[in-house]
Amino acid sequence: MRQIEWAMWANEQALASGLILITGGIVATAGQFAQWYLGTYSIAAGVLICLLEYPRGKRRKGSTMERCGQKYLTRVVKVFGPLTSNYYIRAFLHLGLSVPAGFLLATILGTACLAIASSIYLLAAVQGEQWTPIETKPKERPQVGGTIKQPPSNPPPRPPAEARKKPSEEEEGAGVPVGGPQENPMPVTDEVV
Amino acid sequence: MSEYQSPHRGGHIALIWLSLNVLLFWKTFLLYNQGPEYHYLHQMLGDTEYSSLCYTVGPCCLSILYIRVCICKSQTPNPSLAHSSLPWQPQVCFLSLGLCLSRASASVLNLNCSLILLPMCRMLLAYLRGSQKVPSRRTRRLLDKSRTFHTTCGVTICIFSGVHVAAHLVNALNFSVNYCEDFVELNAARYRDEDPRKLLFTTVPGLTGACMVLVLFLMITASTYAIRVSNYDIFWYTHNLFLVFYMLLMLHVSGGLLKYQTNLDTHPPGCINLNGTRYQNIHLPEYLSEHFHESFPGGFSKPDELTQNTFVKICMEEPRFQANFPQTWLWISGPLCLYCAERLYRRIRSNKPVTIISVINHPSDVLEIRMVKENFKARPGQYIILHCPSVSALENHPFTLTMCPTETKATFGVHLKIVGDWTERFRDLLLPPSSQDSEILPFIQSRNYPKLYIDGPFGSPFEDSLNYEVSLCVAGGIGVTPFASILNTLLDDWKPYRLRRLYFIWVCRDIQSFRWFADLLCVLYNKFWQENRPDYVNIQLYLSQTDGLQKIIGEKYQALNSRLFIGRPRWKLLFNEIAKYNRGKTVGVFCCGPNSISKTLHKLSNENNSYGTRFEYNKESFS
């Protein structure tokens, strides 16, 4: 079986867990339950996790679908270097973040989901996967006239390339009949005024 | 003339499904909110404390889909003080409907968990598609939307599971806080202020519910489009956890935590017990409180009159409670049995391996396999699933049939494009690596071929192309396979079908790709020429990338060379031309290729034209 890339799945799970933590945290803080400060903590942790997990990493083979607008966050996450690209660190970070939220009823679901995401990240790390940023290729602007080195000096019909001293241009090459050098029996004048 | 002369049946089904959900939700909600048999449960879970006050406060309450945010007093409210100017402590009491929300969302979940299995019964759908009982083309097109329906039910299950879980967490909290000795059997908690988390994990419904949420979480996160496109295996294996989900669901509803009162006649809720035990709370039950707010503006003097009007009963015995019969078992047993029966039938039918007759290597990494199997019947356009244990014990892959068995010839075949590791290994097993580069003649070496099992055939929208009078079939690259089977069928005999004109557009990147079916196309062209129907099949081949110098397919394919165009097709012009030559007819549009072409064709099919021709776009959904 082909190597399954677990990191992509772990990324989806962590993003979803972040959102669940934020929701649970809002409920806990707004309802002013006992230990509601844990609700505030889980909102903060959820936001951090969402920001970290939003940029999708590059797949090993094939093209990766980017999330909408992820290139700004990619730049930020790239700055941290090995802290964010190593999946062992991510796994333990998620595990650590999930523990305090487990003490509150409203956020216990977020804890469980984040713990699962962390274990899948651990699996990905064991398989040697890494987070690589998706680089956006700079758009190649079509060079207008870049291939025109020198305009032709002879009017058509022109002799074939071998006989020409200067290199041929692409734009002129398409419709021009390439024939041998023509010697007109009578002098030809241009009658257009 | 309107764009759609016939109403879009898919929209009707969606409307029916939506109204069923809303009806169920509403009915169950009202039952638990107002039904007398749930009166005590309702009170215990903290509802009446706030709800009648919320009614009376009226303008201060925002009702957003039954999650009410009210300005309430934090202590036990006394309606007589409602109009005085006591300072109100704003407190969000949107938790006041835990019981009703949880039960209403449970009934919606029942419906969707049972409906979600039906689109996955592929044999049943293939049978319906082909049977005479579904004559209408419109109804058959509904079957094309089965995957969309499955996804919609799935999303609904997610959303309502979230609502259900949240509501039950609130119930757990209320059970522990409102514990009272009068109703020990009604309360799920064992003592006052029992930790709700303990309630969650030590009761059968709580534990199974928690496990179901985790399974659902795994299934949902693996079902996103990005995962399906990149790592289909993860999606497939986690989605098979649905069996675990259903087993847990059956256990979940057997817990019987929420009970109803059985002896309403001898113990009406709110009655007075002469022994002194107070069953009557400060507020009268909600179904009597309508009188309350009509008389409210006048102050609290009215209720005396009210108590004279309402008959206050004397309790004859203690209230008795019983758990509801698990309705969920009734809902999901039918579809689950149907689905399991179908899987079993498919497993039994595919137990016998096929006999591979020949393996042909085509240019551009395509392999053709011809095989026979006893009692195998298929219609053109259908697909089968191949399973080869020597390549991979667990993986199955679908391939469209390019040649169907007929009455005279039992051979059928598939064309596979070698893209991933499964197909690569499959090719290595079938053909020795040395001969893979050249285009070789088929040779029979049946003793060397691995065992191959097939499952199916399953239906697809392309079967319908023979049922239109005029069809436009657009293929991109290897997407030509469903249309190849249609062409093979036409080669066999075209008269039994309704089709009288076929526009066949095939777009490829590499000129060698056309050789996969160049012979078939030429033979078909010649046959129609001989039968004096040269306009039956109109072939247009497009070479979308012009890097290669080779501009002809082969010397012997003159009919195709003259129909080969360089560059991409101009769809608008093509549609105009088809519309002009087939005025007033309905043209079926079928596309098997990249999404960009598919979207363009869909858009163009929905546009009006001045010739009165109607284009019906038939969409196939792959992952």
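**Exercise 1.** In this predicted model, determine how much area is buried between chain A and chain B, and what share of that area carbon and sulfur atoms give.

*Solution.* Begin with the area itself: about 2,500 Å² is buried between chain A and chain B, and carbon and sulfur atoms account for 74% of this. Next, turn to the residues that take part, where 25 residues of chain A are found in contact with 26 residues of chain B. Then look at the polar side of the interface: the count of salt bridges between the two chains is zero, while three residue pairs, with both residues at pLDDT 80 or more, are in polar contact across the interface.

**Exercise 2.** State which elements of chain A give two or more residues to the side that touches chain B, and how that side divides by class.

*Solution.* The elements to be named are α1 (6-31) and α6 (108-126) of chain A. Of the elements, α1(A) gives the most to this side, with eight residues. Sorted by class, the side of chain A that touches chain B consists of 17 nonpolar, three polar and five charged residues.

**Exercise 3.** Explain why the buried residues of helix α16 of chain B lie on the same side of α16(B).

*Solution.* First list the residues of α16 (residues 421-430) that are buried, namely Trp422(B), Thr423(B), Phe426(B), Arg427(B) and Leu430(B). These residues lie on the same side of α16(B) because they cover an arc of only 130 degrees around the axis. Finally, ask what covers them: the cover includes the chain B strands β5 (355-362), β6 (366-372), β7 (383-387), β8 (397-403) and β9 (412-417).

Technical notes
Residues are numbered from 1 along each chain as its sequence is written. Chains are lettered from A and ligands numbered from 1 in the order in which they are written. This is a predicted model: local features need pLDDT of at least 70, side-chain atom pairs count only at pLDDT 80 or more; totals for chains, interfaces and linings use all residues. Side-chain values use heavy atoms; hydrogens and water are left out. Buried means under 20% relative accessible area, exposed over 50%, partly exposed in between (1.4 Å probe, protein chains only). Helices (H or I, at least four residues) and strands (E, at least two) are DSSP runs, numbered from the N terminus. The arc is that of the directions from the helix axis to the C-beta atoms. Contact means heavy atoms within 4.5 Å. Buried area is the accessible area (1.4 Å probe) that two parts lose on being put together, summed over both. A salt bridge is a side-chain nitrogen of Lys or Arg within 4 Å of a carboxyl oxygen of Asp or Glu. A polar contact is a pair of N or O atoms within 3.5 Å; within protein, one must be able to donate a hydrogen and the other to accept it, and residues adjacent in sequence count only if both atoms are side-chain atoms. Ala, Val, Leu, Ile, Met, Phe, Trp, Tyr, Cys and Pro count as nonpolar, Asp, Glu, Lys and Arg as charged, and the others, Gly among them, as polar.
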